[in-house]
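I opened a new notebook page for this protein. These are my entries, in the order I looked things up.

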Amino acid sequence: MQIAVVGASGRTGRELVRVLTAAGHDVVAVVRDPSRLAGPAGTPGTLGTPGEVRVADATDVAALAAAFEGVDAVASCLGPVPGESPHVLRDGITAVIAAMDRAGVRRLVAISASGWLVNGDDPLSRYVAKPILRRALAVVNADLEAMEQVIRASHVDWTIMRPPRLQDRPGTGRYQARRDGNVRWGWTIARPDLALAMRDALADRSAVGQAISVAA
């Protein structure tokens, strides 16, 4: 497939470009600032070689639509950015979906998070850790929930990926996944392993319309 990766210069986006390229996909890296594509050599997150780089701000529908021209699927690696709008995820995915409509692209895999939900969690996470984090991350969690609502209300063929805390470390080449709740006792995942899960979801038609929690 030809796959557009939105947020390709981020830590997870760089890993996804690398994983998709290694699997033989034609990757279009969609970035706001091309100078951020190069990660430090030899460190986790170093970018693989995309087939093409297209510049677009994540809220610019016209620029995104041009970037999505001719692609088969879109993978959104958008994440919260300190100092930016508290609605950056909601607004970003709204623009991405509108641009997909203009470009005639239907398949979307988007990163969310498992931290704002407790279904399937172990007792320690449900009753100790998450009540504390819920207060600390109230703004981010609200934006994640709003983003998922936008995705679910759309008519694209969507899959939502819900990882726990992301770690900048080498991947294991494997991951756990669950579609009816969070992965029990799954507190972390390496970014390369999340990228693997996204690669697999892009090619899995049974993942359409599903929210998939993944963890180490």
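**Entry 1: terms first.** I call a residue buried under 20% relative accessible area, exposed over 50%, and partly exposed in between, using a 1.4 Å probe and protein chains only. Helices (H or I, at least four residues) and strands (E, at least two) are DSSP runs, numbered from the N terminus. The model is predicted, so local features need pLDDT of at least 70, side-chain atom pairs count only at pLDDT 80 or more, and totals for chains, interfaces and linings use all residues. Residues are numbered from 1 along each chain as its sequence is written, and side-chain values use heavy atoms, with hydrogens and water left out.

**Entry 2: confidence.** I checked pLDDT, the predictor's confidence in each residue, from 0 to 100. The protein averages 90, and 94% of the residues score at least 70. Over residues 40–46, pLDDT stays under 50. For that stretch the model has 11 contacts beyond four places in sequence, where contact means heavy atoms within 4.5 Å. I noted a caution: where pLDDT is low, the predicted coordinates should not be read in detail.

**Entry 3: strand E6.** How many residues of strand E6 are buried? I found 6 of the 6 in residues 157–162, so E6 is largely enclosed by the rest of the structure. In a regular strand the side chains alternate between the two faces of the sheet. I looked at both faces of E6, and both are covered. Asp157, Thr159 and Met161 are buried on one side. Trp158, Ile160 and Arg162 are buried on the other.

Next I looked for partners. Two strands pair if DSSP finds at least two bridges between them. E6 pairs with strand E5 (residues 107–111) in the parallel sense, over 5 bridges. Ala110 has Ile160 of E6 as its bridge partner. E6 also pairs in the parallel sense with strand E10 (residues 210–215), over 4 bridges. There, Met161 has Ile212 of E10 as its bridge partner.

**Entry 4: the whole sheet.** I traced an open sheet of 8 strands, in the order E3-E2-E1-E4-E5-E6-E10-E8, with mixed pairing. Strand E3 (52–55) and E8 stand at the edges with a single partner strand each, so one side of each has no neighbour in the sheet. Neighbouring strands are turned by 20° against each other on average, direction ignored. For angles, axes are lines fitted to C-alpha atoms, for helices over the stretch in contact, and angles run from 0 to 180 degrees between N-to-C directions.

Helix H1 packs on this sheet, touching E1, strand E2 (26–31), strand E4 (73–76) and E5. The direction of H1 makes about 170° with that of E1. Helix H3 (residues 88–103) packs on the sheet as well, touching E1, E4 and E5. The direction of H3 makes about 170° with that of E5.

**Entry 5: two residues in the sheet.** Val5 is in strand E1 (residues 2–6). Its relative accessibility is 0%, so Val5 counts as buried. Beyond four places in sequence, the contacts of Val5 include Leu16, Val17, Val28 and Cys77. Leu108 is in strand E5. Leu108 also has 0% relative accessibility, so it counts as buried. Among the residues Leu108 touches, beyond four places in sequence, are Val74, Ile97, Met100 and Trp158.

**Entry 6: H1 and H6.** The axes of H1 (residues 11–22) and helix H6 (residues 191–202) come within 8 Å and cross at roughly 55°. H1 and H6 are therefore oblique to each other. Angles under 35 degrees count as roughly parallel, over 145 as roughly antiparallel, 65 to 115 as roughly perpendicular, and the rest as oblique. Residues that meet here include Leu16 and Leu20 in H1, and Leu194 and Met198 in H6.

**Entry 7: two loops.** Ser114 is in the loop between E5 and helix H4 (123–136). Is Ser114 buried or exposed? At 7% relative accessibility, Ser114 counts as buried. Contacts of Ser114 beyond four places in sequence include Lys130, Arg162, Asn182 and Ser213.

Trp185 is in the loop between strand E8 (176–178) and strand E9 (188–190). Trp185 has a positive phi of about 65°, although it is not a glycine. Most residues other than glycine have a negative phi.
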